[in-house]
Amino acid sequence: MIKTLVAMVLAWFTCLLVFPEQLPIFGAIAALLVVQDNVDQSLSKGIERVVGVLLGVTVALLTGELLGQHSWLFIAALVAGLALGWVLRMTPSAANQIVVSALLMIALGGLDLHYGVERLVETLIGALIGVAINALVAAPVRTLPVHEAIVSLTADAAGSLRRIADALDEPRDDDWLEQMHIDARALQSERTRVHGLLRQARESLRLNPRSRRYRRGLAEDDALFQRLQPIVTQIGGMSRAVYDLYEPDLVTDPSVVGLVEEMRRAAHDLERLVSLSGDEADAVEPPALTQPYTIPQAHPDHWVLIGSLMEDLRRVRGRITGELD
C-alpha cells in the first residue's frame with residue numbers, strides 16, 4: 001500500500017512538471033496499476049497499460065473522426081475497444097485498458113490528437129515510476145515459502161510411505177485403508193501447490209536487484225522438487241494398489257515382512273533429502289536403504305500386489321539415491 005501511494009504521488013507531481021496545464025490522471029492510474037507483487041509483474045503490467053492507452057487513444061480518435069461528437073460516441077468507443085482487444089487476442093485486463101483509456105480520452109480531452117499524445121507520455125512516466133519504485137523499495141522475494149512447502153511435501157510423502165508399510169505390518173480395516181489412501185492422494189494437491197509457489201518465486205527474482213543471493217537456494221529447491229515429483233507419483237500408485245488388493249493375510253507373508261522394513265527405510269532416507277545435504281548428511285546419519293530388496297518367489301495369491309509394490313519401491317529408491325535422475 002505504501003509503495004503504491006508513493007508511486008502515485010511521485011507520478012502525479014512528475015507529470016505536473018511535464019504537463020502543468022492538465023491533471024495527471026493517466027499517470028496516477030498507471031502508477032496505481034503497475035505496482036504489483038514483483039518487478040516482473042510490474043513490468044508486464046506497465047507494458048500492458050502503455051499499449052492499452054495507445055490503442056485506447058487510437059480508438060477514441062478513429063471513432064470520433066468517423067461518427068463525430070455525439071452522446072452515443074462513448075458506447076461506440078466501448079464496443080470498438082472490446083472488439084479490438086478480442087481481435088488482438090489480448091487478456092481481459094488488457095482489453096479493459098483499451099476501453100477505459102478510450103472513454104477517458106473522450107470525456108477529458110475530446111478528439112484532440114495533441115491531448116492523446118500527451119496522455120500517452122504521461123502514462124509512460126507513471127508506468128516507469130511504478131516499476132522503479134517496486135524494484136528499488138523492498139522488492140519481495142518469494143523463495144522461503146517454496147522451501148517450506150518442499151520440506152512439508154517431503155515429510156508428508158515419507159509419512160504416507162510409512163502408512164503403506166503399516167498397512168502391511170498388521171491387519172487393517174477398510175476405514176483405516178481408506179484414510180491411508182486419502183492421505184496419499186493429498187500429496188498430489190501439495191505437489192500442485194509447490195508448482196505454483198515455484199512459479200511465484202521465479203517471477204519474484206526476475207529483474208529483482210536482490211535476486212542474486214537467492215538464486216542458488218531456489219535452484220537447489222527446484223532440483224529437489226524434480227526428484228520428489230516422481231516419488232509422489234509412485235507413492236500414490238503404491239497406496240492405490242494396497243487399497244484395491246489388500247488382504248489381511250498379507251501380513252504373514254515373509255516377503256511382505258521384509259518389504260515393510262524396506263519401505264520404512266525408504267521413508268527414512270526420503271526425509272534425509274531435506275534435513276541435510278550430501279556428505280554432511282552421511283556423516284550425521286547414513287542412509288538406511290543401502291541395498292536393493294529381492295524376493296525369490298512371490299506369494300501365488302498376492303504376487304500382483306507384491307510385484308507392483310516392489311517395482312514402485314525400486315523407483316522410489318532410485319530417485320532417493322539419484323540413480324534414476
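The protein chain exposes about 16,900 Å², and carbon and sulfur atoms supply 60% of that. The area comes from the Shrake-Rupley method with a 1.4 Å probe.

Before going on: this is a predicted model, where local features need pLDDT of at least 70, side-chain atom pairs count only at pLDDT 80 or more, and totals for chains, interfaces and linings use all residues. Residues are numbered from 1 along each chain as its sequence is written, and side-chain values use heavy atoms, with hydrogens and water left out.

Now confidence. pLDDT is the predictor's confidence in each residue, from 0 to 100. The protein chain averages 84, and 90% of the residues score at least 70. Helix 7, residues 144-169, has the highest mean, 93. The lowest, 47, belongs to helix 11, residues 278-284. Over residues 277-284 the pLDDT stays under 50, and the model gives that stretch six contacts (heavy atoms within 4.5 Å) beyond four places in sequence.

Next, the fold. There are 12 helices and zero strands in the protein chain. Both are DSSP runs, numbered from the N terminus: helices are H or I with at least four residues, strands are E with at least two.

What share of the 325 residues is buried? The figure is 44%. Buried means under 20% relative accessible area, exposed over 50%, and partly exposed in between, with a 1.4 Å probe and protein chains only.

The largest nonpolar core has 47 residues, and Leu168, Val242, Tyr246, Met263 and Leu309 touch the most other members. Such a core is a set of buried Ala, Val, Leu, Ile, Met, Phe, Trp, Tyr and Cys residues joined through side-chain atoms within 4.5 Å. Helix 7 gives this core its largest share, 11 residues. Leaving out residues up to four places away in sequence, Leu309 touches Leu168, Met238, Val242, Leu259 and Met263. Another core, of 14 residues, lies apart from it, with Leu55 and Tyr115 among its members.

Last, charges. Side chains of opposite charge can pair when their charged atoms come close. A salt bridge here is a side-chain nitrogen of Lys or Arg within 4 Å of a carboxyl oxygen of Asp or Glu. The whole structure has 15 of them. One joins Glu271 and Arg162 at 3.0 Å, N to O. Glu271 is in helix 10 and Arg162 in helix 7, so this pair ties together parts 109 residues apart in sequence. Glu271 is partly exposed, at 31% relative accessibility, and Arg162 is partly exposed too, at 28%.
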